[in-house]
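Subject: Structure handover

Hello,

The structure is below, followed by notes on what was found in it. Please read the notes alongside the coordinates.

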There are 2 protein chains.
Amino acid sequence: MNVLVIGSGAVGSFYGSLLARQGADVSMMARSDYEHVKLHGIDIASDTKLGHYHFRPRTVVRNASELTEKPDYVLLCIKVVEHADRVGLLKDAVGPETSIVLISNGIDIEDEIAKAFPNNELISGLAFICVTRTAPGKIWHQAYGRLALGNYPQGVSEKARALCSMFERSGITCVASEDIVAARWQKCVWNAPFNPLSVLSGGLSTNDILSTQEPFVRAIMEEVCRIAEATGHPLPPDTVDKNIESTYKMPPYKTSMLVDFEAGRPMETEAILGNAVRVGRKAGVPIPHLESVYALMKLRELRRRAE
Amino acid sequence: MNVLVIGSGAVGSFYGSLLARQGADVSMMARSDYEHVKLHGIDIASDTKLGHYHFRPRTVVRNASELTEKPDYVLLCIKVVEHADRVGLLKDAVGPETSIVLISNGIDIEDEIAKAFPNNELISGLAFICVTRTAPGKIWHQAYGRLALGNYPQGVSEKARALCSMFERSGITCVASEDIVAARWQKCVWNAPFNPLSVLSGGLSTNDILSTQEPFVRAIMEEVCRIAEATGHPLPPDTVDKNIESTYKMPPYKTSMLVDFEAGRPMETEAILGNAVRVGRKAGVPIPHLESVYALMKLRELRRRAE
């Protein structure tokens, strides 16, 4: 199995290394970390049973045109933020038989790629993981690691199932999802309140947010469920309750959007909130809480550009 | 006319000085600025036709119990924020014939005072003004100055009209309002979006907020109008349009809530938003945008206490 991972951040490095440990032939495309990864490879320090290990990609390239053969799978592991040219990054990597695998947060992030590569299999994936790049080539895997993978817009192909099996053998949970769009909405139920509220509050943890404003959190979650239902992806009726319960049980958590905000990096505002709001509006679902939070995030981003 | 002004901030100093210039016998109750005001009085620097002038109160006290006679009017000019003990401040100031005049922002701020002083006339007032206390006893009046005064819960008494006339003669506009509660809702239409959005955005001006998120601003304004209507104080049908138009025409403005936030002072979150939300809920009016903004302000305040 020949794999190219685009993005040497935490997610790409971690999942790429798992496939390499199972014998896949894994190359990486890196930008800012190119020199380091080319020379030294990547150190993974996992606090789970995966332990500490070293991952040396078969090849490290700056651009996919440097590769001599087209991969069976290309894993695009970058955040969907403004100015991320996903089609441009994939262009030279994709051959006629290449399956494109997207591993990133957000709603409705597949359509652009499906339109640009109409003849390639498209696998959409979600990672439930705490993992951080602490320095070039240094990855700290704190907890979790589950993946959900499925073909876009639906179904699970043989190639998707084969990838899923290889991840399973590597020691994480990988769920093959027949309706990956529903899985995205399911994840959005949690992301839509906690990510923006952590930023707009000025840095509160999930626990502080939930323990003081549970009705507001629930109102946002319920709107996300209503959009999912209206667009043909109904979520289980206990979805909101389960998200609330499990968040109360989690240790106080700093969301990824807050981490990006504090580091001065672009945030997934459009992928998580903007796209959800647009789908909701198109479907005619009333989403006043979601729209309020989205509008406020746009104002916060506008202000940040001036700071 | 014997007047006691409670609060030597910008609003109390400015309006107290106007009455003194018309011949009223104006005393002041001050806390942090007591020494300075007692020794030096107050300098008012107005950018309007009022010009620069000095105001020396008849008496300056720390506590109303020091006064030898009860005033005809006591002007309570303090912000309605947590830990502001308005009843305690008024207690020693109020005699049987004293009219209590509240000059502060917010919704439903009269009830507590009406219940504590059921036998006193209660005049409720709103100031439309840009005025700042730049140092103890130094007041900078930048623009505007209009007052709206009326008895609570409604009507205009002779004493209210007399006070209004004296303010009019001093060179500002003072409107006697038969329905001061409606006037409070009218002012809330502007305050409810711009004050919290300026804080939650991290410091945007009214102009930046409006020019990028006009539909969101309108949605909040419309909910305020709906509460006013549902509680018997319908506002003119063009209220939202007029507020939007006039804000576009204003120079970019930094809201009072943002000024308080940046100075680390308590904000009028409950007076402006919390009370409006509670009245709206009680009346059964759907107010999801207002509730979202209120919830976010409570999160922002929670975070600030930890900062």
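Buried is used here for a residue under 20% relative accessible area, exposed for one over 50%, and partly exposed for anything in between (1.4 Å probe, protein chains only). The model is predicted, so local features need pLDDT of at least 70 and side-chain atom pairs count only at pLDDT 80 or more, while totals for chains, interfaces and linings use all residues. Residues are numbered from 1 along each chain as its sequence is written, chains are lettered from A and ligands numbered from 1 in the order in which they are written, and side-chain values use heavy atoms, with hydrogens and water left out.

Salt bridges

A salt bridge is a side-chain nitrogen of Lys or Arg within 4 Å of a carboxyl oxygen of Asp or Glu. Over all chains there are 40 of them. Helices (H or I, at least four residues) and strands (E, at least two) are DSSP runs numbered from the N terminus.

In helix 11 of chain B, Lys298(B) and Glu301(B) are three residues apart, which means a separation of about one helical turn. Their side chains form a salt bridge at 3.3 Å, N to O. Glu301(B) is buried at 12% relative accessibility, whereas Lys298(B) is partly exposed at 26%. In chain A, Lys298(A) and Glu301(A) belong to a salt-bridge network that also includes Glu270(A) and Arg278(A).

Lys138(A) and Asp43(A) form a salt bridge, with the closest N and O atoms 2.7 Å apart. Lys138(A) lies in strand 9 (residues 138-151) and Asp43(A) in strand 3 (residues 42-46), 95 residues apart. Lys138(A) is partly exposed at 35%, and Asp43(A) is partly exposed at 31%. In chain B, Arg281(B) pairs with Glu291(B) in a salt bridge at 2.6 Å, N to O. This pair joins helix 10 (residues 269-282) to helix 11 (residues 288-306) of chain B.

Chain A against chain B

With contact taken as heavy atoms within 4.5 Å, 23 residues of chain A touch 23 residues of chain B. Buried area is the accessible area (1.4 Å probe) that two parts lose on being put together, summed over both. For the two chains this is about 2000 Å², 72% of it on carbon and sulfur atoms. Leu296(A), Leu299(A) and Arg303(A) supply 26% of the area that chain A buries against chain B. The interface has zero salt bridges and four residue pairs in polar contact, meaning N or O atoms within 3.5 Å; within protein, one must be able to donate a hydrogen and the other to accept it, and residues adjacent in sequence count only if both atoms are side-chain atoms. Helix 11 of chain A gives the most to the side of chain A that touches chain B, with eleven residues.

Domains of chain A

An automatic or database domain assignment sets the bounds, giving domain 1 (2-178) and domain 2 (182-306) in chain A. Their C-alpha centres lie 25 Å apart. The area buried between them is about 1600 Å², with 54% from carbon and sulfur atoms. On the domain 1 side, Lys79(A), Asn105(A) and Ile107(A) lose the most area, together 43% of what that side buries. Two salt bridges cross this interface, as do twelve residue pairs in polar contact. Strand 8 (residues 122-135) of chain A gives the largest share of the domain 1 side, six residues.

Regards
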